[in-house]
Amino acid sequence: MRKLRMDELPRKNKAEFQQAEKLPVILLLENIRSMHNVGSVFRTADAFLTEAIYLCGYTPRPPHRDIHKTALGATDSVEWKYLTSALEAVRELKSAGWLVVAVEQAEGSVPLQQFKLNTGEKLLLIFGNEVEGVSQGVLANCDACIEIPQFGMKHSLNVSVAAGMVLWELARAFV
């Protein structure tokens with residue numbers, strides 16, 4: 001076994017990335033505090049060809065060196081938009097036909113492995129603040145909640161780790 005060199009990896013250039021068919025998912029980050037988490041989510045969104053990222057509330061936004069440190073250029077490839085209100089973004093996309101789903105521990109949440117995106121559906125996937133989670137106002141406007149099953153003493157995951165897990169599970173249906 002031999003580790004591949006960078007020039008052996010099947011990478012898209014910026015034009016190919018922009019023209020590629022995207023996973024029909026927009027990630028919404030609501031009041032994320034950490035610039036490193038934001039950068040990590042950008043990098044993960046690039047890896048899974050996610051349609052866009054919406055940064056809402058006090059979530060930090062590019063350009064910033066601490067975001068770029070973990071994004072490694074993904075802020076240039078992934079479309080993103082800033083909105084002051086996550087609730088405004090949710091209402092806008094919901095009225096445009098997007099399925100609105102929060103990743104949160106909530107009554108009636110669906111375990112991640114049981115959630116299925118139907119053919120032709122577009123998904124707005126919401127990730128909340130590292131401590132408080134998705135706000136109740138946004139949660140009340142969601143069509144569903146996905147919960148990542150956890151079995152240890154801690155019942156929370158880093159927001160960028162959770163985004164990676166959820167995107168991988170969704171992307172598996174398209175691979």
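**A strand and its surroundings**

Tutor: Strand S2 is joined to strand S3 (residues 80-83) by 4 bridges, and the two run parallel. Two strands count as paired if DSSP finds at least two bridges between them. Helices (H or I, at least four residues) and strands (E, at least two) are DSSP runs, numbered from the N terminus.

Some ground rules come next. This is a predicted model, in which local features need pLDDT of at least 70 and side-chain atom pairs count only at pLDDT 80 or more, while totals for chains, interfaces and linings use all residues. Residues are numbered from 1 along each chain as its sequence is written, and side-chain values use heavy atoms, with hydrogens and water left out.

Back to the strand. S2 spans residues 50-56. It is mostly covered, with 6 of its 7 residues buried. Buried means under 20% relative accessible area, exposed means over 50%, and partly exposed is in between (1.4 Å probe, protein chains only).

S2 also pairs with strand S1 (residues 23-30). Here 6 bridges do the joining, and these strands run parallel too. Leu28 has Tyr54 in S2 as its bridge partner. The chain gets from S1 to S2 by way of helix H2 (residues 35-47), in a right-handed β-α-β crossover. Right-handed has a set meaning: with the strands pointing away from the viewer, the path from the first strand over the helix to the second runs clockwise.

On the S3 side, Leu55 stands opposite Tyr82. Tyr82 has a charge over its ring as well: the charged end of Arg61 sits there, 3.7 Å from the ring centre. For this label, NZ of Lys or CZ of Arg must be within 6 Å of the ring centre and within 35 degrees of the ring normal.

Now look at the rings. The structure holds 2 aromatic pairs. Rings of Phe, Tyr and Trp (its six-membered ring) pair if their centres lie within 6.5 Å; planes under 30 degrees apart are stacked, over 60 edge-to-face, and the rest tilted. Phe42 and Trp80 have ring centres 6.5 Å apart and planes at 85°, so this pair is edge-to-face. Phe42 belongs to helix H2 and Trp80 to strand S3, so the pair links distant parts of the chain, 38 residues apart. Phe42 is buried, at 0% relative accessible area. Trp80 is partly exposed, at 31%.

The other pair is Phe48 with Trp168. Their ring centres are 6.2 Å apart and their planes lie at 40°, so this pair is tilted. Phe48 is in the loop between H2 and S2, and Trp168 is in helix H7 (residues 159-171), so the pair ties together parts 120 residues apart in sequence. Phe48 is partly exposed, with a relative accessible area of 23%. Trp168 is partly exposed as well, at 43%.

One more residue of helix H2 deserves a look: Asn37. Asn37 counts as buried, at 9% relative accessibility. Contact means heavy atoms within 4.5 Å. Setting aside neighbours within four places in sequence, Asn37 touches Ile32, Glu130, Asn158, Val159 and Ser160.
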